[in-house]
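Student: Please take a close look at one helix with me. I want to see what packs against it and what spaces lie beside it.

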Amino acid sequence: MLDQHAWSLLRRLTRWLDQFTDCFGHRAQPVSLRQYVDGLLGDSARKSMSAMLARVSEPTSYQAFQHFITHAPWDAEVVWRRLRAVTPERTGILILDETSFPKSGPHSVGAARQYCGALGKVANCQVAVTAALWTGRRAWPLGALLYLPAGWASDAARRLAARVPPAIVFQEKWRLALTLVRRARAAGLTLTAVVADAEYGDNSIVRRTLHRLRLPYALGISPTLTVFRGTPTLRIDPQQPPPRNRRAGWPDQEAVSVRALSDALPPRTWRRVEWRNGTNPPWKADFAAVRVTPATDWTHRRLAPEIWLLCERGLGPTGRRKHYLVALPATASLAQLVRLAHHRWAIEQHYQDCKSELGLDHFEGRSYPGWQHHMVISAVAFAFLQTERMRPREGPRLTFPQVRAFVQEIFTGLLFISRPHYMRWMKQAEQRFHQLRI
């Protein structure tokens, strides 16, 4: 029998999912939502639909279960909007990143040969651009958009087979990321900063948009990105013929790459800084920070605002070099710059939890609607587990895997209560195993 704590958790899950009921048009769909979430939270090692359905305490037919994900005409973005609205923590750092899903064939929507972060190389995979709100203790999923490569977006036959809506066209990853920024702001969330890697930091439109929105940021950049030291003075040089001269003048210095600028910094500029990623052991590296003006904007006839260039040098003779553009006030300390730049670690932990604990990358469907539906329901299940971590309790704060294990035990107990033949089957299997060992 399940104890009082278990039944209390099931009631909290019901109340959590009830918030999404009106996001669906058919009365059977909220029931399927509950069953899919039950499957994600259950003890099935593989989160494919057939494996999950076998472990749901009150299963429907497989056809109905599959129809809800792959064919039912409910809008995933409506569910995302509701999830952003009910996210209990409303203030934090927005982390933009992408995650990949390796695929064995070309038929899954968006699958193509491209860089696969999960494998660390170019491979056949899907890529999603995601946004998560990091509060310093917990990450909350806010959106995920499938990157549709240009070859896919222009292939009418593959679009039809994968049921890609006509409104979905090719968009660069940075455009998808800015869409997620706008949606997070529209949800009324207070974004204290935005962090992302060089995929977005190298893009002047992303930086310009964040400046316009008055959002502080720390963005990784490539070492080849060019900058001016400080803010250049614009001057008119009568010796230069058009188009060298511009109405506003020309910078009084040449742009240099951030790697060249970093290499030229005197030793006294560098300082050793220690930081900590969550409860992990502290990290150390050498850092230097100088005020710069990105030169890429100047090619578009505008001078960008002056910001920080943060240079990182790993310890040892072969320490790894990293560079960031950080939009914080000129009075910010080096420690503040380092802390903001290194908040991005949280998204890697977020992906690991989503994939290892909830099977985010186990979806086997090929259609665009199915992919979208799986992603948002996985986010709903993930957010529920985060709300469980927020509950006051004695002792140290639970990690995500710990609360996931607790919930899984309850769902396993519920399965055995509702379907006792599973217990008999397991006992028979155990007996056969021991006989084989003898």
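Tutor: Start with a term. A helix axis is a line fitted to C-alpha atoms over the stretch in contact, and the angle between two axes is taken between their N-to-C directions. Keep in mind that this is a predicted model.

Our helix is α14. Take its contact with α4, which covers residues 62–70. The axes of α4 and α14 come within 7 Å and cross at roughly 95°. Angles from 65 to 115 degrees count as roughly perpendicular, so α4 is roughly perpendicular to α14. Now find the residues. α4 brings Phe-68, Ile-69 and Thr-70. α14 answers with Pro-369, Gly-370, His-373 and Ile-377. Sorted by class, this contact has four nonpolar residues, three polar ones and no charged ones.

Next comes α5, residues 76–86. Here the axes lie 9 Å apart, and α5 packs with α14 at about 20°. Angles under 35 degrees count as roughly parallel, so α5 is roughly parallel to α14. The crossing of these two helices is left-handed. From α5, look for Ala-76, Val-79, Trp-80 and Leu-83. They meet Gln-372, His-373, Met-375, Val-376, Ala-379, Val-380 and Ala-383 in α14. The classes here are nine nonpolar, two polar and no charged. Notice His-373: it belongs to the α5 contact and to the α4 contact as well.

Now the spaces. The model has three cavities of 30 Å³ or more. The largest cavity has a volume of about 120 Å³. It is lined by 14 residues, and those closest to its centre are Thr-130, Pro-141, His-350, Leu-360 and Met-375. You have met Met-375 already, in the contact of α14 with α5. β4 gives the most, with four residues. By class, the lining has 10 nonpolar residues, four polar and no charged.

α13 supplies at least two residues of the pocket lining, as do β12 (283–294) and β14 (321–327). The largest share, four residues, comes from β14. The pocket holds about 710 Å³ of space. Of its 26 lining residues, Glu-312, Arg-320, Lys-322, Tyr-324 and Arg-344 lie nearest the centre. Check the classes here too: 11 nonpolar, six polar and nine charged. Compare the lining of the largest cavity, with no charged residues.

Terms used. Residues numbered from 1 in each chain as written. Predicted model: local features only at pLDDT ≥ 70, side-chain atom pairs only at ≥ 80, totals over all residues. Heavy atoms only, no water. 1 Å grid on protein atoms, 1.4 Å probe; cavity = no way out; pocket = protein on both sides within 12 Å on 5 of 7 lines; lining within 4 Å. Points joined across faces, edges and corners; volume = space filled by probe spheres on them. Nonpolar A, V, L, I, M, F, W, Y, C, P; charged D, E, K, R; others polar. Axes fitted to C-alpha atoms, helices over the stretch in contact; angles between N-to-C directions. Parallel < 35°, antiparallel > 145°, perpendicular 65-115°, else oblique. Left-handed = near helix turned anticlockwise from the far one by under 90°. Contact = heavy atoms within 4.5 Å.
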